[in-house]
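Hello,

Here is the structure I promised to hand over. Please open it alongside this note, and then read on for what was found.

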Amino acid sequence: MADILELINERLSKDGQVLNLKAQFIREVGARKLAECEELSNLRALDLTQNAIGDDGAKAIAESPHLSKVRTLNLKSNGITDIGAEYLANSKTLQSLKSLQLVVNDISEKGEKLLINSKSLTSLTSLKFRV
């Protein structure tokens, strides 16, 4: 895994609103470090496709005060289970989220229902579990 701060510097859009870290394999550790970055406080779109962040990484993203403005979140193919889905569904900081991609994860119907019925993610207009 490359240094997460280095990746952010290389891949963050000039206006600080878009970060594409697709297939950088940052894992849970990288997701936690990412979630702690104050520099991402203006981020609107975050793509973490194929990074193996798992449930712990989903928790870090869901609880990050620095990601409160994110509207589009792509967590495709990250080994997230119903546990991670529950963290996301209960997030108090992702309330601006409009689009959430969770394709190719290990989320069952139970996890899907948690997200669909979330009392926190009230701005969601797009929630995708399947291709």
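Leaving aside its neighbours within four places in sequence, which residues is Leu94 in contact with? Keep that in mind for a moment. First, a caution: this is a predicted model.

Now the reply. Leu94 touches Ile61, Ala62, Leu67, Leu73, Leu88 and Leu121, once neighbours within four places in sequence are set aside. Leu94 sits in the loop between α4 and β4. Leu94 is buried, and its relative accessible area is 1%. Gly79 is 15 residues from Leu94 along the chain, and their C-alpha atoms are separated by 20 Å.

The sheet

Start with the strands. There are 5 of them in an open sheet, and the order is β1-β2-β3-β4-β5. The pairing is parallel. β1 and β5 stand at the edges. Each has a single partner strand, so one side of each is left without a neighbour in the sheet. From one strand to the next, the twist averages 5 degrees.

Look next at β4 and β5. They run parallel and are joined by 3 bridges. Ser99 stands opposite Ser126 in β5.

Is Val18 buried or partly exposed? Val18 is partly exposed, with a relative accessible area of 42%. Leaving aside neighbours within four places in sequence, Val18 is in contact with Arg11, Leu12, Ser13, Leu43 and Ala45. Val18 and Asn42 are 24 residues apart in sequence. In space they are 8.9 Å apart, C-alpha to C-alpha.

The helix pairs

Two helix pairs are worth a look. Take α2 (residues 27-35) and α3 (residues 54-63) to begin with. Their axes come within 8 Å and cross at roughly 5 degrees. An angle under 35 degrees counts as roughly parallel. α2 and α3 are therefore roughly parallel to each other. On the α2 side, the contact is made by Glu28, Ala31, Arg32, Leu34 and Ala35. They meet Asp56, Gly57, Ala60 and Ile61 in α3. By class, this contact of α2 with α3 has 5 nonpolar, 1 polar and 3 charged residues.

Then go from α3 to α4. At what angle do the axes of α3 and α4 cross? The angle is roughly 0 degrees, and the axes come within 8 Å. α3 and α4 are therefore roughly parallel to each other. Asp55, Ala58, Lys59 and Ala62 are the α3 residues here. Their partners in α4 are Ile83, Gly84, Tyr87 and Leu88. By class, the contact of α3 with α4 has 5 nonpolar, 1 polar and 2 charged residues.

Buried faces of α4 and α5

Stay with α4. Its buried residues are Asp82, Gly84, Ala85, Leu88 and Ala89. Around the axis they cover an arc of only 155 degrees, which puts them on the same side of α4. What covers these buried residues includes α3 and α5.

Now α5, residues 109-116. Its buried residues are Gly111, Glu112 and Leu115. The buried residues of α5 pack against α4 (82-89), β4 (99-101) and β5 (126-128).

Two loop residues

Finally, two backbone details. Phe25 is in the loop between β1 and α2. It is partly exposed, with a relative accessible area of 42%.

Ala52 also has a positive phi of about 50 degrees, and it is not a glycine. Ala52 lies in the loop between β2 (45-47) and α3. Ala52 is partly exposed, with a relative accessible area of 33%.

Ala62 and Leu88 take part where α3 meets α4. Leu88 is one of the buried residues of α4 as well.

Best wishes

Conventions:
Residues numbered from 1 in each chain as written. Predicted model: local features only at pLDDT ≥ 70, side-chain atom pairs only at ≥ 80, totals over all residues. Heavy atoms only, no water. Buried < 20%, exposed > 50% of the residue type's maximum accessible area, 1.4 Å probe, protein only. Helix = DSSP H or I, 4+ residues; strand = E, 2+ residues; numbered from the N terminus. Contact = heavy atoms within 4.5 Å. Axes fitted to C-alpha atoms, helices over the stretch in contact; angles between N-to-C directions. Parallel < 35°, antiparallel > 145°, perpendicular 65-115°, else oblique. Nonpolar A, V, L, I, M, F, W, Y, C, P; charged D, E, K, R; others polar. Pairing = 2+ DSSP bridges. Arc of directions from axis to C-beta.
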